[in-house]
Amino acid sequence: MRRSAFFVFVASLPIVSACSASDQRLSTQLFVHSKTKCELTFKSHEVLIIENFCDTDQRPILIKTADHEIRSDWIDERTSRFLFQEGCASSDKCFYELSTNEAGVRGRFSYRINMTEGEYSFEVGASGQPKVLTEESKDSAS
């Protein structure tokens, strides 16, 4: 009985989220999924973000949902490159949180890399133009 109640609760989350804000379609967290020689991938079951550090012919960020694909310039290149080189403190310490709507995506990136932690909020329009809204970072105590 608990399993079925939990399943119904989890299955209803996207509906509750969609009803809470008329222009918001999806709100989800994306954790580090994989890293290759050139790419860092963040993934949830609904959304994928790929940061490409090698291909200079295209925009380096790909945000992909079931019904949208947005290519973007760097949102915060310095933080992305630092994460790519140093890695997260643990797999759940670096994540995107995104909401999508007709205008594009809005979200935040939260990270803990070595002794540095921080986050920034941002939006990326459907045309791929990123804008950092707020930003904060600090060194953690040892």
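Reply: Numbering the bonded cysteines of the protein chain in sequence order gives the pairing 1-2, 3-4. The model is a predicted one, and a search of the whole structure finds two disulfides in it.

One of them joins C38 to C54, with an S to S distance of 2.1 Å. The torsion about the S-S bond of C38 and C54 is about -85°, so this disulfide is left-handed. C38 sits in the loop between β1 (26-35) and β2 (39-43), while C54 sits in the loop between β3 (48-52) and β4 (61-64), so the pair ties together parts that are 16 residues apart in sequence. C54 has a relative accessible area of 41% and is therefore partly exposed.

The other disulfide links C88 and C94, at 2.0 Å from S to S. The torsion about its S-S bond is -135°, and the link of C88 and C94 is left-handed. Its two cysteines fall on either side of the 20% limit for burial: C88 is partly exposed at a relative accessible area of 23%, whereas C94 is buried at 0%.

F109 is in turn among the residues with the most contacts inside the largest nonpolar core, together with F42, I49, I63, Y96 and L98. That core has 23 residues. The element that gives the most is β7, with four residues.

Two strands named above, β2 and β4, also flank the loops of the C38 to C54 link. From β4 the chain continues through a hairpin of four residues to β5. β4 and β5 pair in the antiparallel sense over four bridges, and K64 stands opposite E69 of β5. E69 and R71 make up the uncovered face of β5 (residues 69-72), and I70 and S72 the covered one. In a regular strand the side chains alternate between the two faces of the sheet.

Notes: Residues numbered from 1 in each chain as written. Predicted model: local features only at pLDDT ≥ 70, side-chain atom pairs only at ≥ 80, totals over all residues. Heavy atoms only, no water. Disulfide = S-S within 2.5 Å. Buried < 20%, exposed > 50% of the residue type's maximum accessible area, 1.4 Å probe, protein only. Core = buried A, V, L, I, M, F, W, Y, C linked by side-chain atoms within 4.5 Å. Pairing = 2+ DSSP bridges.
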